[in-house]
Amino acid sequence: MTKQDCEHNNYQTKNNTNTRTLRNWTIVWVITMAIAAFAPRFIWDFNTSLTIITLLINLAVGFRMLVANRKYLRGLDEMQQKILFDAMAFTLGVGLVIGLSYELLEDIKLIGFEPEISHLIIVMCLTYLTAIIAGHRKYR
Amino acid sequence: MKNRLKVLRAERDWTQAQLASALEVSRQTINAIEKGKFDPSLPLAFKAARLFNLTIEDIFDDEVETT
């Protein structure tokens, strides 16, 4: 099955390439985010020009990461896409419901601290991870 | 949806990985289709039919009785 093995290699190669590209852009985005968050305070003492340039670079890299993510998703087969799309839909719903309720907690004085967006992002990441694992188990 | 993918694959002595490569999907997807846990799209069903030189109805059965 030489021809099919070749096709298999093409399919795997395409997915591996898309995954590597997405991973690389994600790493670069995290690095630029860290620079944008900490460098103004610890390196250039809130120099406005440098801070704006860093922020623009971070946004540009973030956009490139989104493009890489789209390419990655489109490169998956239909079942893998369904698993990820279902996980995204569930995560969006959980993020909306939990996020609004979390915000409400402070308004109605049930918690004494201001809700942080990072808490919501952690919840969404964990939800997405769990939903992907559940999706793979469903079709196993 | 029932299907004869596993039988057809076995007749040709192909592995799930080989069939997956021929249809350009993951091995997990072939496994899920064979077990009836995932229904393939029409383009993928046509692709499978072409690969086995059969019609879609020869491979997939939607289990709906026609009168």
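Which helix gives the most to the nonpolar patch? In this predicted model, local features need pLDDT of at least 70 and side-chain atom pairs count only at pLDDT 80 or more, while totals for chains, interfaces and linings use all residues. Residues are numbered from 1 along each chain as its sequence is written, chains are lettered from A and ligands numbered from 1 in the order in which they are written, and side-chain values use heavy atoms, leaving out hydrogens and water.

The answer is α3(A), with four residues; helices are DSSP runs of H or I, at least four residues, numbered from the N terminus. The surface patch comprises A:L96, A:V97, A:I98, A:L100 and A:V123, which together have about 450 Å² of accessible area (Shrake-Rupley method, 1.4 Å probe). Its members have over 30% relative accessible area and no salt bridge, with nonpolar side chains joined within 5 Å.

Helix α3 of chain A (residues 78-107) also meets helix α2 (residues 48-75) of chain A: their axes come within 9 Å and cross at roughly 130°. Contact (heavy atoms within 4.5 Å) involves A:Y72, A:L73 and A:R74 of α2(A) and A:Q81, A:L84, A:F85 and A:M88 of α3(A).

Within helix α3 of chain A, A:K82 and A:D86 lie four residues apart, about one turn. They form a salt bridge, with closest N and O atoms 3.1 Å apart (cut-off: Lys or Arg side-chain nitrogen within 4 Å of an Asp or Glu carboxyl oxygen).

Definitions and conventions
Axes fitted to C-alpha atoms, helices over the stretch in contact; angles between N-to-C directions. Helix = DSSP H or I, 4+ residues; strand = E, 2+ residues; numbered from the N terminus. Patch = residues over 30% accessible without salt bridge, like charges linked within 9 Å, V, L, I, M, F, W, Y side chains within 5 Å.
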